[in-house]
Amino acid sequence: MTTIPIYDTLLLPDVVFYFKKEVIDSWDIKELITGEVVLFVYLKDDIPTPIIEVDDFYPIGVSARVENIDGEGNIRIRTLDRVDLSNIQMDGDDIVADASIRPEVDDIPLDEKKSRFEKLKNAFLEFVQDYQWGLWARSLILQWKSINELASSMSNYFNITWEEKYSIIETDSVRMRYNLIETAAYEFVEMTKVHSEAEDAQVEEHEKLYRESAIRKQIDILQKELDAMHPESISDVRLFEKKIAESGMNEVARKEADKTLNRMRQEGQDGHEYGMLYDYLDFVTSLEWKDAQNPEIDLVKAEKVLDSDHYGLKKVKDRVIQQMAVMALNKKQSGSILLFVGAPGTGKTSIGQSIAAALDRKYVRISLGGIRDEAEIRGHRRTYIGAMPGRIMEGIKRSGVSNPVMVLDEVDKLVRDYGGDPSSALLEVLDPEQNFSFTDHYMNVPYDLSNVLFVCTANSTDTIPEPLLNRMEIIEFQGYTATEKFNIAKKHLIPKALKASGIKAKNLKISDTAIRKIIEEYTAEAGVRGLKKQIDSICRYAAVKLVKGEAQSISVTPKMLHEYLGRKAIRHDVIEKTTIPGIVTGLAWTMAGGEILFIETTRIKGQGKITITGQLGDVMKESVEIAVSLVKGMYPKETENLNEYDIHIHVPEGAVPKDGPSAGITIVTALVSMLLNKKVDPKIAMTGEVSLRGNVMPIGGLPEKLMAAMRAGVKTVLIPKDNEEDLEEVADEVKNALKIVPVKRIKEVLDICF
């Protein structure tokens, strides 16, 4: 008997079944003949014939007779009985087995068999009538003679596993077999109905969407024609639809804008929220969302722009050019956030404008001075009445691009109070790891700030929080020397003032000596802002004379400055020609640059009381205490009766607050001068912090202090040894005018002074 292995095919007794020729060929058996009885054995897995083993068969098979073989090689078989298999062996590719008929338990009456089969058959007939293929399926169903035929012909469509199919073959109980077949058949019918209904619903939904899309496109076409014919009557909603479509927003922003637009459409122009929704859409659609292409960076051109706009500032301009070089190599915004620190009028803000011009990018300036509310940076939430975007996004809108050069002015003037900490909000703005998705509370959607070149300015770093300061690279703007101010006035300030006043250069000339006198006697600053004001005043005064016809041209000389500018506005401290013991010249740094100061000491009969005047801060008062203790330790003999005297230490100009540790060595020297009754040369000035061990500690603001010393007529300046490297930042003009002596110990200071 020919034995044929099959897999996943449900063959039950007394069933007519058809096999196509390609299936027969895959069996790799000898040619079958009509009338031959064959044995079908079931494989546990889909295994190719050459590697089948005995354990791969189920123990129950089915016998069948070949009823017909057509001309194309297809065969029709009729199954006979279920059989038990034994002594299964593999003879090469042939399978040999003993088979015995497996009896069935006919535990269901004939009438019940018939009624259950007819019910199931009718269920299938009713099921297929709703489908296009139902006519073909109906003819197949009508040919079924038993539930076994139904199961065998439909088993490949049932949603059951091969193991579950084999359990139908395996069961001896006819009733149980009926139950299993009915369960599988009814599940198939219901699942197919559900699937079909879902598909129909999906098709219906798609058709609805397609129809809606087609209608919308038609409306858009008609609306565009109307807009072209009557551009003045375009509605706000239609206008914003167009702006949103053309904006290039990211997906999150687009969804928020569409959501807001729908609310605006529903509100109507009479709605109480219409104005707020209009303002929001107007703002977000006015922003540039598309990534801007940065122009090619030309370093030669950039250097020319910076040099033409600013005199001096070599170190600053070199660092800016380095930043541009890094950006040119990376082809994107990169490098540190630059923080320009210096006195007012030194060009911190204007160099930001020059950077924008050098890069061919838009420039926008944001003043942060006095901001105390975090919402000024992050924006207000739209739930508040009068909500507005933050200054950062407002600046982006003003620039009209996504990659401006943005100068954040006066970051040291931010105020922290109950309204929040605006400096903390700036952390996200300036951090390249975060600002690619900066979210303004008003917008409530992320915006990419990574293409913005941020430049910050400050007069001092003392009030800038450490986390914010760490995100920036500090570049100090030193004060200008008198020579630099003279050149700035000639090349920049006077031409700009003439243009602003409408005066031609031939009608007003300011002599070089007059410019120098203005610098020396009418200004007191590290920068040139005060100088600019004085030149503007001269231009205004001259404009009156020219308009009245009192003069055709004016040439300003030093003698005319009193008429044009009034009396001298500034009185710089200068060194005394003579001095007395207990008075020493010191150097101080102020927001306007450097100044000299005098430490005055005296003693009078008393009880050892120390009086300090001159509006000194806590740090300076501590310097006095350290100086007194240090002097007592260094001069025990001279100070043994000091308790019989009161000591008065005074720093003139008591109306001006003074603080800082850099007057330490000056106070010590003044006290020693008083004790020893020895004068200190007034042409010697000094600056440096002092420790209880007598060490001279480093200080800040050295360039400004040395400029003040030169201006005051000082010849020798004592500075801390650790500040020697800072001399590289001091102008040669200043270094050539002074004898600068680095000192490490207070004893060196006293040896030089006495």
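Two strands count as paired when DSSP finds at least two bridges between them. The helices (H or I, at least four residues) and strands (E, at least two) named here are DSSP runs, numbered from the N terminus. You're looking at a predicted model, where local features need pLDDT of at least 70, side-chain atom pairs count only at pLDDT 80 or more, and totals for chains, interfaces and linings use all residues. Residues are numbered from 1 along each chain as its sequence is written, and side-chain values use heavy atoms, with hydrogens and water left out.

**Stop 1: a sheet**

Select strand 8 (363–367) and strand 9 (residues 405–409): they pair in the parallel sense over five bridges. Zoom in on I366, whose bridge partner in strand 9 is L408. Now show the rest of the sheet, an open one of five strands in the order 8-9-12-7-13, with parallel pairing. Strand 8 and strand 13 (472–477) are the edges; each has a single partner strand, so one side of each has no neighbour in the sheet. From one strand to the next, the twist averages 20°.

**Stop 2: two helices**

Next, pick helix 10 (residues 299–309) and helix 11 (residues 314–330), whose axes come within 11 Å and cross at roughly 155°. That makes helix 10 roughly antiparallel to helix 11 (the label for angles over 145 degrees). Show side chains for L299, A302, E303, L306 and D307 in helix 10, which meet K317, V320, I321, M324 and A325 in helix 11; contact means heavy atoms within 4.5 Å. What kinds of residues make up this contact? Seven are nonpolar, none polar and three charged, with Asp, Glu, Lys and Arg counting as charged.

**Stop 3**

Go to strand 18 (residues 610–613) and strand 19 (residues 645–650), a parallel pair with four bridges. I610 has I647 as its bridge partner in strand 19.

Finish at strand 23 (residues 716–720) and strand 24 (residues 739–743), which run parallel and are joined by five bridges. P720 stands opposite V743 in strand 24. With helix 24 (residues 732–737), these strands make a right-handed β-α-β unit: point the strands away from you, and the path from the first strand over the helix to the second runs clockwise.

Definitions and conventions. Axes fitted to C-alpha atoms, helices over the stretch in contact; angles between N-to-C directions. Parallel < 35°, antiparallel > 145°, perpendicular 65-115°, else oblique.
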